[in-house]
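Subject: Handover of a structure and its findings

Dear colleague,

Please find the structure below, together with its sequence. I would be grateful if you would read the notes that follow with the structure open.

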Amino acid sequence: MEQKRPLLSTKTGLVFLLPALFFVILFLIFPFVWIILVSFTNESLTGTGALNPQNVGLANYSGLFDFKTWMMRGNFGNSLIVTLQFVFGSAMIGQVGLGLSLAIAFYRRKGFIREFVNTLVILAWIIPDVVVAFSWIAFLDRDFGTLNAILSAIGLGRPDWQLELSLLSIIIFNTWRGAAFSMLLFSSALETIPPSYLETAEVVGATFWQKLRDILLPLMRGHILTVLILITLWTFNTFSPFLITAGGPSFKTDLVSIFTYRTAFRFYEFGQGGAIAVVVMLINFALALVYLGMLRKQAVE
Amino acid sequence: MKIKQTVRVILTLVALAGFVLTACTATPTAAPTTAPTQAPAKTDAPTAAPTAAPTSTPVNLTIICRCVVGGTGSNSAQWMLDYVIPKFQDEMRAQGRDVTVDLVSFGGSDEELKARYALDLKAGTGNDIMAFDGFWVPEFAEGGLIQPLETVVGPTYADWEGWSHIPVSVQQLLTYKDQLYGIAAGTDARVIWYRKDIFKEVGLPENWQPTSWEELLDAARTIKAAKPDVTPLQINAGTAMGEATTLQGWYMVMLGTGTNIFDFKTNKYPVSGQPLLDALNFYKTVYIDEKLGDARLQLLADGRDRSFLSFRDAKTAMLVEGDWFWRSVLAKGGSAELADRDALVGWAKMPAMAPGKGINGQDFVTASGGTGFILNPNTKSPAEAWDLLAFMNSKEALDYFQTLEPRMRSRDDVAVPNDTVMTAIAKEMLPLTSIRPSDAAYSKTVSPEIQLMTERIVSGEMTPEEAMAAYAAAVTAAVGADRVEVAAP
Amino acid sequence: MKKTRKFLSNLGYYVFVAFVIAFFGIPLIWLVVTPFNSQATLALEFPSQPTLDNFRQVFENKFAVQALAKNNLILAVGTMIGITFIATLTAYALSRARIPGRNFLSYTLILFSSVVTGTAAMVPIFLIISKMGLIDSHLGVILVFIGGFLPSAIFIMRDFVDGIPRSYEESAMVAGARPLNILGDVVLPLVRPGMMVIAIWAFVQSWGAFLVPFILLRSPDKMPASTAIYSFYTEAGTPNIRLVAAYSLLYALPVVILYLLVNWRYGFRFFGGIKR
């Protein structure tokens, strides 16, 4: 980090920060503290926990991690496993992988195809959740959906996406939905690479894969890690797949965000909901630390 | 450095502010501001008898229900807009009172409506009259979110003429701990709906009535053998269908073994024993062993709608559902409208395991739920709101409603016109019916656990013994060991 | 040898492009085709007689149309303006002033916002807005949106600001200009692409949001489209496919047009990647 003489006095800087601070305190810090405090109670919106919430210590937490039952479908352990698979598949491999591939494929290409593909990818990102979910329900339907219409036309049969391949379905869906963000980030990152590096490589006769491995990837490592952090955190907490599968069938796509929703909104158990949120927060924090550690290491190199 | 110090101070203040805010506002999550013990200031009796007590302040009331003209619950919305609101406003004007009424059409799902109610009531607001599902009452009452009519209106509520026309069992739909919270709109019953055309094709009697589970299964087997691409029997299971699984599915099967979900005599929940195993094995037979039902429909998120369409398209032969299926789904304008409904669809009573083995020694069983309207304890005008509620449940208002949507109403002086099926069901099934327990634990834990239990069987994930054990453990953990009955299988 | 390699690499490129176009395009075709089909189903069927009847029926639902045309717009524009203004101001301060722990702050805020915008935070948010007397008001929803989207917007915006060379501001300072003026006259024009990006992003996020408006709004005439779409579902919860598809298309169109316009005029890209 270069040491620059500040252009703004710290005082002015703080004044500029005031509006943001207002929002942060009110809508981020306060809810966060509330959630932590409530996670130690049995507070709920209806039922006895609503009138007389009691402090229950760590009971909500131990309930989540009750190792005898937590792997049963519908419980937290199952939810964690599903979410980890989901994040690994759709964030790490899916969105980042696809985004990176797109950025590299269109590197220094211009023209109609690039613009067209760019627009399509971004459209998948900006169209509202409800609309996209609806389209995908139609797309994945076993008997009438477009996907199976294509697959059966080329002889691959009609897989039951919603019942048997539900986790894979939402992984693909989420990849589709979020690839735009990493594509945009990587595209602009690639633009900062001086073209001379690649031209030199070309002169020497390097192949595409060699250029990729020896020049582009190492130069972009910092960016890749940063994008990975953001996308991992966002994907860990995304709720959109609920609109397609509602966590089912039989909890096979019960992401942690859906599990939280069910606890806090269907059963109104805010104490438990708070505990889940805190645990998720800690997991996110741990993941972020891992990435940041890797970032620092690569900065040193 | 001075600046660093300032910054540190500010950051500390920020954190402190966060904590202070939390401390200040965390406490109101205790008792909500329900203090409706103010007796209605107006002295007029809450009946339709005109009392000349002109109010000087204009009153505006709001009714909320899951009803949108041209969409969900359209008939209810129509009834409100065409009859209830204009007629009530007229009557108020005739009494010299300035009362206006507005309808709030809620277009979301039941679950969303419940969430909205919970939040509004907690914050001390909400619409004056709220459409309420009977089985929500216990958990809202226990949470202090709603109050009995006696508290909101005063003892005069008991003077309403309508009470004598509503059977006590129906009144109980909106009752908790022997206190009434509102007026039930109607009740319902569940039966087996079957396609007469498919039955005719495979040689089953047109006026079919099974008398035991075996006969029911035999009919299913006959259909399966003759028409392999038709699903013979669909009985609700799984978490996707929510309460519909418990009431239309599990209750119908469980009651046939002679046991209820909740033992009203001992006030306990039976959580294990042979009857449960028998019921679970019934599910297993239908969905796993003989594939007489389509498990897929029970596991998909929109399975219930698909099952309706499947029945309409003659791809499902028998469906265990409520009378609502007949009068609202298959009827004209319904989501699975069937043109020749009267000719193509018949109904049969759900048999017990064997004659005489059903609950109370019955040969046939059914279960009833019901919805109604409750009075919001936060209402600013309890007297007018009560007048409106009573008006909505007068004979004239309900008779008018019947012209829009014939169904079983709460009042015994309101007949079901023009619909022999509904009249017959009302006559034959209501005497046999069982209702759900008035207990917060039911809607919060027991019913979801039942849904989970059936889902585990139908998806093949667990054996009946395992599923029952999980159910027993979960319910015991929720209500305590002294409220469950454990019988050895 | 080199020619074969070039041919293969070109082939690979075109195969990849074809796959990408198919992958991103095909799921959307249904959305574009179905609303014009009077016999709409879940299957992709090109209507033999395209009709605008579904749209006509949608427009009869005054409540849904108002949701889309008025409420969504108010919420999205309000959020967009709020976010752009505050995020730019904040990013500028974080970039140019010496605030200790600003990196840590950035990441912590992102962590907070991703958890706290979930369902667990719904009750405290409801309580706060309730105490402020802003339940059932668009302002309440806009404030919560701003709070939720701010950390990410600041994160993105800071990168843009960091990429602007300081020389312009330094000269302006030497000439005696005050900080606010520097920000407004010198920096803002340079950082406009960034503002475009977060403005669109904020607009899009709030345009499609469901949970927060649902929690905080009460009157049907204030609800946005994400809630209003359910009024095209029947009592059983089944969607009336023709109408829902038509409404969905109408619902998606404004953000699509907005993006196309901005991209055409200004280009829509991030700046220089995000380095740390």
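The axes of helix 5 (residues 112-126) of chain A and helix 1 (residues 2-33) of chain C come within 10 Å and cross at roughly 40°. Axes here are lines fitted to C-alpha atoms, for helices over the stretch in contact, and angles run from 0 to 180 degrees between N-to-C directions. Helices (H or I, at least four residues) and strands (E, at least two) are DSSP runs, numbered from the N terminus.

This is a predicted model, in which local features need pLDDT of at least 70, side-chain atom pairs count only at pLDDT 80 or more, and totals for chains, interfaces and linings use all residues. Residues are numbered from 1 along each chain as its sequence is written, while chains are lettered from A and ligands numbered from 1 in the order in which they are written.

Helix 5 of chain A and helix 1 of chain C are therefore oblique to each other (angles under 35 degrees count as roughly parallel, over 145 as roughly antiparallel, 65 to 115 as roughly perpendicular and the rest as oblique). In this pair, Ile113(A), Val117(A), Leu120(A), Val121(A), Leu123(A) and Ala124(A) meet Val17(C), Val20(C), Ile21(C), Phe24(C), Gly25(C) and Leu28(C). Two residues are in contact if their C-beta atoms, placed from the backbone, lie within 7 Å.

Turning to whole chains, 77 residues of chain C are in contact with 78 residues of chain A. Helix 1 of chain C provides the largest share of the side of chain C that touches chain A, 15 residues. That side divides into 54 nonpolar, 15 polar and eight charged residues.

Chain B also touches chain A: 33 residues of chain B are in contact with 30 residues of chain A. Helix 1 of chain B gives the most to this side of chain B, with ten residues.

Within chain B, an open sheet of five strands has the order 2-1-3-14-6, with mixed pairing (two strands pair if DSSP finds at least two bridges between them). Its edge strands are strand 2 (99-105) and strand 6 (182-187) of chain B. Strand 6 and strand 14 (residues 370-375) of chain B pair in the antiparallel sense over five bridges, and Ile183(B) has Phe373(B) as its bridge partner in strand 14.

Yours sincerely

Terms used
Nonpolar A, V, L, I, M, F, W, Y, C, P; charged D, E, K, R; others polar.
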